[in-house]
Amino acid sequence: MEYAFPSQKGRGCKYITEKSYSDILKKVSLDSEINLESITGHSLRKTYANRLYKSTHDLEYVRKALGHKSVQI
């Protein structure tokens, strides 16, 4: 599997965590004029799920793509 955000630490972790990504977004927000206060690492996942559903109208497909056990999640 290829990760969108691979870890640079090399300590067995193949990807950065949601918390790490959220921290990066906060730093970018502070270093720029872009207001990213309401955006977290999980925001990308929610956007992906939303766009996937809008393009397929298939909850089961979205569930599998996100790795959830149930469409209720």
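Student: What pattern does the chain follow when read along the sequence?
Tutor: The pattern is α-α-α. This is a predicted model, and the chain in it has three helices and zero strands.

Student: What makes a stretch of this chain count as a helix?
Tutor: A helix is a DSSP run of H or I with at least four residues. Helix α1 takes in residues 18–31, and helix α2 takes in residues 41–56. The third, α3, covers 59–66.

Student: How do you know that the span of α1 agrees with its number of residues?
Tutor: At 1.5 Å a residue, the 14 residues of α1 should span 20 Å, and the end C-alpha atoms are 20 Å apart, so the two values agree. Helix α2 has 16 residues and reaches 24 Å from its first C-alpha to its last, which is close to the 22 Å expected.

Student: Why is L25 called buried?
Tutor: Buried means under 20% relative accessible area. L25 has 11%, so L25 is buried. L25 lies in helix α1. From L25 to I39 there are 14 residues in sequence, and the C-alpha atoms are 7.5 Å apart in space.

Student: Which residues of α1 are buried?
Tutor: They are Y21, S22, L25 and S29. They cover an arc of only 100° around the axis, so they are on the same side of α1.

Student: Why do residues three or four places apart in an α-helix point the same way?
Tutor: An α-helix has 3.6 residues a turn, so residues with that spacing point the same way.

Student: What does the buried side of α1 pack against, and which residues are on the face turned away?
Tutor: The buried residues of α1 pack against α2. The face turned away carries the exposed residues K19, K27, L30 and D31.

Student: Which residues of α2 are buried, and what covers them?
Tutor: G41, S43, A49 and L52 are buried in α2. Their cover includes α1 and α3.

Student: What follows α2, and where is it placed?
Tutor: H57 follows α2. H57 is in the loop between α2 and α3. Its phi is near 55°, a positive value in a residue other than glycine.

Student: Why does H57 count as exposed?
Tutor: Exposed means over 50% relative accessibility. H57 is at 58%, so H57 counts as exposed.

Student: What makes E60 and R63 a salt bridge?
Tutor: A side-chain nitrogen of Lys or Arg must be within 4 Å of a carboxyl oxygen of Asp or Glu. The closest N and O atoms of E60 and R63 are 2.6 Å apart, so the pair meets the cut-off. A search of the whole structure finds one salt bridge. Both residues lie in helix α3, three residues apart, about one turn of the helix.

Student: Why do E60 and R63 get their accessibility classes?
Tutor: E60 is at 36% relative accessibility, so E60 counts as partly exposed. R63 has 18%, which is under the cut-off of 20%, so R63 is buried. Leaving aside neighbours within four places in sequence, R63 is in contact with H68, K69, S70 and V71.

Student: What makes V71 part of a nonpolar surface patch?
Tutor: A patch residue needs over 30% relative accessible area. V71 has 40%, so V71 passes that cut-off and is partly exposed. V71 is found in the segment after α3. Together, Y53, L59 and V71 make a nonpolar patch of about 260 Å².

Key. Residues numbered from 1 in each chain as written. Predicted model: local features only at pLDDT ≥ 70, side-chain atom pairs only at ≥ 80, totals over all residues. Heavy atoms only, no water. Helix = DSSP H or I, 4+ residues; strand = E, 2+ residues; numbered from the N terminus. Buried < 20%, exposed > 50% of the residue type's maximum accessible area, 1.4 Å probe, protein only. Patch = residues over 30% accessible without salt bridge, like charges linked within 9 Å, V, L, I, M, F, W, Y side chains within 5 Å. Areas by Shrake-Rupley, 256 points an atom, 1.4 Å probe, with all protein chains shown as cover. Expected span 1.5 Å × (residues − 1). Contact = heavy atoms within 4.5 Å. Arc of directions from axis to C-beta.
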